[in-house]
Amino acid sequence: MRSCYELIINNTGARALFINIFGGITRCDEVAKGIVSALAQTRARKVPLVIRLTGTNEEEGRRILLQAGMTPVQTMDEGAAQAVAVAA
């Protein structure tokens, strides 16, 4: 995650990122913890993150992301709208 984030941020003019996670077998709370941990280790500039989590333990995953200052969403439409809003 950290390498992907740094690659995008360091090589584009991105003002926000919208990440879509479907956690069928993978637990969304574990994915959220991984995202938070990876971003804590990056030196790249920070941009707002909008993250859609759907699947096992999604409510807990959203809570983890929200506490870390990210924007968790439930639907693709909501995520797209939020990404545009935070990028403005």
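This is a predicted model: local features need pLDDT of at least 70, side-chain atom pairs count only at pLDDT 80 or more; totals for chains, interfaces and linings use all residues.

Residues are numbered from 1 along each chain as its sequence is written, and side-chain values use heavy atoms, with hydrogens and water left out.

Three strands form an open sheet in the order S1-S2-S3, with parallel pairing; strands are DSSP runs of E with at least two residues, helices are runs of H or I with at least four, both numbered from the N terminus, and two strands pair if DSSP finds at least two bridges between them. S1 and S3 stand at the edges with a single partner strand each, so one side of each has no neighbour in the sheet.

How many bridges join S1 and S2? Strand S1, residues 17–23, pairs with S2 over seven bridges, and Asn-20 has Arg-52 in S2 as its bridge partner. On the other pairing, S2 and strand S3, residues 71–73, share three bridges, with Val-50 opposite Thr-71 in S3.

As for S2 itself, residues 49–55, six of its seven residues are buried, so this strand is largely enclosed by the rest of the structure; buried means under 20% relative accessible area, with a 1.4 Å probe and protein chains only.

Note on methods. Buried means under 20% relative accessible area, exposed over 50%, partly exposed in between (1.4 Å probe, protein chains only).
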